[in-house]
Amino acid sequence: EAMSWLYKTNPLANVCGRICTHKCEGVCALGHRGEAIAIRWLKRFIVDNTPEDAYDEAALEFVTEPVNGKIAVVGSGPSGLSCAYYLRTLGYEVDVYEEKALPGGVIRYGGPEYRLPEESVLKDIGIIEKAGVRFITNTKVGRDISLEKLRNDYDAVFLGTGFSLSRELKIPGYEHEDVIYAIPFLGQTRDYLRNLAEMPEVHETAVVIGGGNVAFDVGRTLIRLQQTKYNKDHVSMAALEHREILPCDIEELEEGEEEGIRGHFGYGPAEIVIEDGRIKGLKVQKVISIFDGEGRFNPSYDASDSFLIEATQVFIATGQKPEYAYLDDEMLANITMERGQLKTGKHGQLEKYPWLFAGGDIVQGPDIITGVANGHDSAEGIDEYLRSLRK
């Protein structure tokens, strides 16, 4: 019965039971007089203890025959997977286009293995495949197939392409070959653990720039790879925020420090110091403020309080950004964007393109459970839109 309740709103119960940001617990009413309801752990308990036959029965009980139309989903991250599953429960045929070899997006190529085991990802995606969703991998919309063709071949299109590009940090030395960005590094590590790629190049000493969950994912992954390669580890971290206000989850900070990450919090990157063609370390400066008087991101520093974090490899985990290669110039001119994200109306529908819906990172920013909710909402919106055309 609990599984059935989960699948009414969330087809990624295995994933969310392990890496959900669980922000709902921070506003849980019971938390005012005790501990909040542990929603993430409850999800994990349910999926880990439901027998296989009952699991499939509960997950697939709402799926119907595809009789209402055909939908294309672009991107197989949390929002795309969620949208695809709930469109199947509404009786639609669904094709999901994914540029990589395996479906899953950030849950397949982002979250590290130690936090999100491969079997958990396979379980959730496997259920969605059993529901009848078809995955078309190694196919990038905007390169291998145009959005216009999807528009002609399908009744509606959902965009869930996520933040697939790393945000550059243009400080002196950032173009050195031993400066690595978080997203490709984490993706290669997951493929290495699947025996689909070589181990990423890791040095004996490394420093990570950033203080969010992704930065700690990188740091803790580095420690494991260094232990594998050198039987020792040395990973430092520099973040603008002081320890008390780091944007990461508290458990990431505590577990990262327990595992050996050397934190330099409240210090921002000034320069990647290079000597004789090799990185010597990261020069950091004390942060005076992160935002200016108008609330804009504009860090200021005390140059007199600086030092060098010694390392021969630098990893940048200061944010991701979207790629809109599938949108032509006309669409880019007609679609409203705010800080690089698409502005949508009810159910994620784009105002001037009623056949087009969007959700997840490119609408509300990077958060897995928000992406799941967006996908669910957009599936209902697509159904509502197509039903209105048939009246």
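Predicted model: local features only at pLDDT ≥ 70, side-chain atom pairs only at ≥ 80, totals over all residues.
Trainee: Let's start with Phe 307. Where is it?
Mentor: Phe 307 sits in strand β12, residues 297-310. Helices (H or I, at least four residues) and strands (E, at least two) are DSSP runs, numbered from the N terminus.

Trainee: Is Phe 307 buried, partly exposed or exposed?
Mentor: Phe 307 counts as partly exposed because its relative accessibility is 28%. Buried means under 20% relative accessible area, exposed over 50%, and partly exposed in between (1.4 Å probe, protein chains only).

Trainee: What is Phe 307 in contact with?
Mentor: Leaving aside neighbours within four places in sequence, Phe 307 is in contact with His 264, Tyr 267, Leu 282, Lys 283 and Val 284. Contact means heavy atoms within 4.5 Å. The C-alpha atoms of Phe 307 and Val 284 are separated by 5.7 Å, and the two residues are 23 residues apart along the chain.

Trainee: How do β11 and β12 pair?
Mentor: Strand β11 (residues 278-291) pairs with β12 in the antiparallel sense, over nine bridges. Two strands pair if DSSP finds at least two bridges between them. Lys 286 stands opposite Asp 302 in β12.

Trainee: Which residues other than glycine have a positive phi?
Mentor: Asn 231 is one of them, with phi near 65°. His 347 is another, with phi near 60°. Most residues other than glycine have a negative phi.

Trainee: Where are Asn 231 and His 347, and is each buried or exposed?
Mentor: Asn 231 is in the loop between α10 (213-230) and β8 (235-239), and it is exposed, with a relative accessible area of 64%. His 347 is in the loop between β16 (341-342) and β17 (349-350), and it counts as buried at 13% relative accessibility.

Trainee: New topic. How much space is in the second largest pocket?
Mentor: About 240 Å³. On a 1 Å grid over the protein atoms alone, a pocket is an open set of points where a 1.4 Å probe fits, with protein on both sides within 12 Å along at least five of seven lines, and lining residues have an atom within 4 Å of a point. Grid points are joined across faces, edges and corners, and the volume is the space filled by probe spheres set on the points.

Trainee: What lines the second largest pocket?
Mentor: Its lining includes Arg 18, Trp 41, Tyr 114, Asp 249 and Glu 255. Helices α2 (13-19), α3 (39-49) and α11 (250-259) each supply at least two residues of that lining.

Trainee: How many lining residues are nonpolar, polar and charged?
Mentor: Three are nonpolar, one is polar and eight are charged. Ala, Val, Leu, Ile, Met, Phe, Trp, Tyr, Cys and Pro count as nonpolar, Asp, Glu, Lys and Arg as charged, and the others, Gly among them, as polar.

Trainee: What about helix α5, how many of its residues are buried?
Mentor: Twelve of the twelve residues of α5 are buried, so it is largely enclosed by the rest of the structure. Cys 83 and Tyr 86 are among them. After α5 comes Gly 91, with a positive phi near 90°.

Trainee: How far apart are the ends of α5?
Mentor: The end C-alpha atoms are 17 Å apart, which agrees with the 16 Å that twelve residues (78-89) should span at 1.5 Å a residue. The expected span is 1.5 Å times one less than the number of residues.

Trainee: Which residues does His 376 touch?
Mentor: Not counting residues up to four places away in sequence, His 376 touches Lys 8, Thr 9, Ser 82, Cys 83 and Tyr 86. His 376 lies in helix α14, residues 368-390, and is buried, with a relative accessible area of 16%.

Trainee: Last one: where is Glu 65, and what is it in contact with?
Mentor: Glu 65 is in the loop between α4 (52-60) and β1 (70-74). Beyond neighbours within four places in sequence, Glu 65 is in contact with Arg 88 and Gly 91. Glu 65 counts as exposed at 61% relative accessibility.

Technical notes: Residues numbered from 1 in each chain as written. Heavy atoms only, no water.
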